[in-house]
Structure formats: C-alpha cells, structure tokens
Amino acid sequence: MLRFEDVTLRYDDGPVLAGFDLAVAPGELVVLLGPSGCGKTSLLRLACGLAAPSSGRVVNGFGRTAVVFQEPRLLPWWPALDNVAFALAAQGVTRATARHRARALLDRFGFTDADTRKRPAALSGGMQSRVAIARALVVRPDLVLMDEPFAALDVGLRRDLQDLVRAAVTETGLAALFVTHDVTEAVRLADRLVVLSARPARIVHDERNQPRDEPAAMFRAAAALLDRPVVRAALLAPAAG
Ligand SMILES: Nc1ncnc2c1ncn2[C@@H]1O[C@H](COP(=O)(O)OP(=O)(O)OP(=O)(O)O)[C@@H](O)[C@H]1O
C-alpha cells in the first residue's frame with residue numbers, strides 16, 4: 001500500500017499540496033489526472049522518496065518501486081538491451097541473467113534482436129519509451145510510478161503504449177500510479193481515476209472501475225477537470241447514483 005496521509009508540501013511560493021490523502025492498493029492502476037502545474041510530479045516525488053512532505057506522512061509499503069519519467073532518460077552510448085539490463089545491476093543478478101531478462105522483456109515489447117543492439121539515437125521515440133518502460137519493469141517492481149511517460153508521442157503510438165502498460169499491470173499484479181493531463185489517456189488506462197484541482201492539488205473526483213473509453217466517463221473526468229463547483233455538481237450527479 002502507498003499512502004499519503006494529510007500531506008502538505010510547501011515550496012517558497014506557497015503550498016502545492018495541503019492536507020492531501022490518497023491510498024494506492026496492490027494491483028491497482030490509479031491515474032492522477034490534473035491540470036498542468038497542479039502538483040502531480042510533486043506527488044510522485046513524494047511517493048518515491050525524492051521529496052519529503054512539509055507535514056503529514058507518505059508511507060510506501062511496497063517492496064520495490066520503479067519510476068518512468070516523461071523523457072526516456074536512456075544512456076546514449078549503450079544499446080537498448082544494456083539500458084534495460086543495467087537496471088538489474090543493483091539487484092546482484094549475474095550479467096548473463098540480467099541480459100536474459102532484459103531480452104525477454106524487449107522481445108515482448110516488439111523488439112527484434114537487431115533492435116536490442118541499437119543505441120537510443122537509432123530508435124524512434126516510441127521505441128525509446130518502450131525501453132524506458134522495460135527498464136522499470138525488468139526489476140519486477142511492486143509499484144511503478146509513471147510521470148506523463150507518453151506526453152511527447154503522437155496519438156497512435158500512445159495507444160499502443162497504453163495497452164502495453166495495462167497488459168503489464170494486469171499480468172504481473174503490480175500497482176501503478178500514472179500521472180497525466182490527458183483525459184482520453186486517463187479514462188483508457190485507469191482502474192481508478194483520480195481528478196485533481198489546480199494547485200494546491202486536491203481530489204475533486206475519484207471513480208473506480210469505469211468502463212474504458214466510455215464517453216460518459218470521459219465527460220465526467222473532463223467536467224471535474226474544469227474545477228468549477230457548480231458545473232461539476234451538475235455534471236457529476238449521475239455518476240454518484
Ligand atoms: N522544487 C521546486 N521548487 C519550487 N517550486 C516548485 C518545485 N517543483 C515544482 N514547483 C512548482 O510547484 C507547482 C507544481 O509542480 P509539479 O511539477 O508538481 O506539477 P505538475 O502537475 O506535475 O505539472 P506539469 O503537468 O506541468 O508537469 C508548479 O507551480 C511548479 O512550478
């Protein structure tokens with residue numbers, strides 16, 4: 001379980017979170033949907049221990065946490081295979097085992113043997129994103145934190161990668177906290193969709209297990225994103241019933 005308990009986070013210019021509560025359970029794919037600058041990245045930084053709350057508690061009870069950033073952040077001089085295998089270096093597995101696991105995952109992600117030998121500069125943006133996701137998943141995390149990992153990709157590629165993330169979560173039972181400001185992406189991916197207000201981020205809508213790609217769910221999420229209480233109350237009322 002990952003828990004934010006009454007978390008406040010202040011920067012010099014004021015709070016980005018104030019009394020924030022959220023729990024992410026094992027096996028759950030939670031999408032945080034919120035406007036730009038509302039504090040989504042800050043929440044992920046708290047979740048993986050890169051930042052500490054000003055008050056309140058962040059408790060990450062998952063054994064192993066992996067992170068996927070918006071940019072793939074691959075090592076440019078290494079082939080795709082080694083970029084993935086390297087993630088296992090800290091786990092004390094042999095180099096042969098690491099490369100074997102990396103190859104198996106890249107194979108599932110559609111890489112040919114020749115592709116696995118290419119350096120990042122020789123891979124398309126979508127392929128680089130796949131390497132970044134493989135690097136996170138190869139360590140067999142219990143929780144993966146994803147910060148708008150597909151924001152730079154075109155729509156068709158995004159859908160492929162969203163399917164890949166969903167499949168990985170379903171097959172392995174890991175928990176995921178996925179940040180985006182794209183309503184379509186959020187509805188398509190989420191087991192549970194949490195919509196955040198503008199800074200300081202507070203939860204304005206929290207919906208579980210909605211049918212994916214359902215226009216009504218998109219409408220509710222978009223309405224919540226508008227963050228206008230009167231409009232929201234009117235539009236969200238049917239969801240409550
Ligand atoms: N280290 C920092 N020091 C001061 N202010 C910061 C810091 N990190 C983020 N901020 C500010 O806090 C607010 C929230 O930033 P954050 O990156 O968490 O939001 P976000 O929702 O992820 O935004 P985006 O969608 O644009 O990536 C922004 O106004 C940002 O400028």
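Two residues are taken to be in contact if their C-beta atoms, placed from the backbone, lie within 7 Å. Axes are lines fitted to C-alpha atoms, for helices over the stretch in contact, and angles run from 0 to 180 degrees between N-to-C directions. Helices (H or I, at least four residues) and strands (E, at least two) are DSSP runs, numbered from the N terminus.

The model is predicted: local features need pLDDT of at least 70, side-chain atom pairs count only at pLDDT 80 or more, and totals for chains, interfaces and linings use all residues. Residue numbers start from 1 along each chain as its sequence is written.

The protein contains 9 helices and 9 strands. Its C-alpha trace spans about 55 × 40 × 30 Å along the principal axes. The radius of gyration, taken over C-alpha atoms, is compared with a globule rule of 2.2 Å times the number of residues to the power 0.38. For 241 residues, a compact globule would come near 18 Å; the protein has 18 Å, in agreement. Of the 241 residues, 41% count as buried. A residue is buried if 20 or more other C-beta atoms lie within 10 Å of its own, exposed if 12 or fewer, and partly exposed in between. Among contacts between residues at least 6 apart in sequence, 71% join residues at least 24 apart.

An open sheet of 3 strands has the order E2-E1-E4 and antiparallel pairing. Strand E2 (14-24) and strand E4 (55-60) stand at its edges, each with a single partner strand, so one side of each has no neighbour in the sheet. From one strand to the next, the twist averages 25°. Two strands pair if DSSP finds at least two bridges between them. Strand E1 (residues 2-11) is joined to E4 by 5 bridges, and the two run antiparallel. Within this pair, Arg 3 stands opposite Val 59 in E4.

Helix H1 (residues 40-47) lies across E1, E2 and E4. The helix runs at about 120° to E1. Of the 8 residues of H1, 6 are buried, so the helix is largely enclosed by the rest of the structure. These buried residues are Lys 40, Ser 42, Leu 43, Leu 44, Leu 46 and Ala 47. Just after H1, Gly 49 takes a positive phi of about 85°.

H1 also takes part in the ligand shell. It gives the most to that shell, with 3 residues. A residue is near a molecule if its C-beta atom, placed from the backbone, lies within 6 Å of it. Of the 13 residues around the ligand, Tyr 11, Ser 36, Lys 40, Thr 41 and Ser 42 come nearest. By class, the shell has 3 nonpolar, 7 polar and 3 charged residues. Here Ala, Val, Leu, Ile, Met, Phe, Trp, Tyr, Cys and Pro count as nonpolar, Asp, Glu, Lys and Arg as charged, and the others, Gly among them, as polar.

Val 139 is partly exposed, with 19 other C-beta atoms within 10 Å. Leaving aside neighbours within four places in sequence, Val 139 is in contact with Arg 64, Ala 66, Ala 87, Leu 88 and Gln 91. The C-alpha atoms of Val 139 and Gln 91 are separated by 8.0 Å, although the residues are 48 apart along the chain.

Strand E8 (residues 192-196) and strand E9 (residues 203-208) pair in the antiparallel sense over 5 bridges. A hairpin of 6 residues joins E8 to E9. Leu 193 stands opposite Glu 207 in E9.
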